[in-house]
Amino acid sequence: MASTSSSTAVDERERKRKRAAGGESTASAGPGTEAQPSKWRTRREHEIYSSKLFEALRLVRGGSSSASTAPARGRAVREAADRALAVAARGRSRWSRAILASRRRRLQAAHRARLRAPATPPARHPSVAAAAQPQPGKAPALAKKAKVLGRLVPGCHKLPFPALLSEASDYIKALEMQVRAMTALAEVLASVSSSAASGSSSSPA
């Protein structure tokens with residue numbers, strides 16, 4: 001009888017220890033964090049984005065004219081890479097929806113500008129302009145940094161701080177994958193061009 005009660009007490013202590021260890025690991029992970037690795041680090045997401053990026057760059061190359069300047073081509077490549085990244089996100093994040101919406105707004109604005117003559121913007125009243133200027137020393141340092149971060153992440157300039165951190169973390173991981181995909185694509189194109197150049201130089205005249 002004594003052995004049964006002692007084993008029951010040992011089992012109870014073991015269950016409490018496991019529950020405490022599980023609670024500590026959950027608390028250390030923090031609220032809102034995922035236990036599994038980020039979706040942008042998986043091979044499947046990398047392949048999806050690489051295919052969308054290649055297709056977007058192919059369309060940019062097909063639509064660009066020889067008269068376009070290098071800055072314009074670079075801007076078109078950057079926009080195509082960002083659009084492919086937003087499409088790969090499948091609208092699961094605010095920044096991806098903002099990228100796609102900004103492109104639609106730019107297209108609509110360009111269409112409206114072609115339909116009507118440009119008008120001079122109305123002069124702003126001095127009091128309105130002064131009120132729009134940020135007042136120095138009003139916001140604390142963390143709020144200023146959050147405001148800067150909100151301007152860097154598309155569509156997140158009005159988010160509360162916890163949601164802003166979540167969006168910024170996802171956006172940074174997506175950009176890291178974008179850099180890896182574009183680096184791999186650049187290496188492939190460089191190897192193809194070098195092999196084509198070596199083949200043409202070794203061919204008889």
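I count a residue as buried under 20% relative accessible area, exposed over 50%, and partly exposed in between (1.4 Å probe, protein chains only). The model is predicted, so I kept local features only at pLDDT of at least 70 and side-chain atom pairs only at pLDDT 80 or more, while totals for chains, interfaces and linings use all residues. Residues are numbered from 1 along each chain as its sequence is written, and side-chain values use heavy atoms, without hydrogens or water.

**Entry: Asp170**
I found Asp170 in helix H7 (residues 161-202); helices here are DSSP runs of H or I, at least four residues, numbered from the N terminus. Is Asp170 buried or exposed? Asp170 counts as buried because its relative accessibility is 14%. Its side chain makes a polar contact of 2.9 Å with that of Trp95. For a polar contact I needed a pair of N or O atoms within 3.5 Å; within protein, one must be able to donate a hydrogen and the other to accept it, and residues adjacent in sequence count only if both atoms are side-chain atoms. Setting aside neighbours within four places in sequence, I also listed Lys39, Trp40 and Ser93 among the residues in contact with Asp170 (heavy atoms within 4.5 Å).

**Entry: the core**
Next I looked at the largest nonpolar core, which has 26 residues. Such a core is a set of buried Ala, Val, Leu, Ile, Met, Phe, Trp, Tyr and Cys residues joined through side-chain atoms within 4.5 Å. Trp40, Trp95 and Val153 are among the members that touch the most others. H7 gives the most to this core, with 7 residues.

**Entry: Val153**
Not counting residues up to four places away in sequence, I saw Val153 touch Trp95, Glu167, Ala168 and Tyr171.

Key:
Helices (H or I, at least four residues) and strands (E, at least two) are DSSP runs, numbered from the N terminus.
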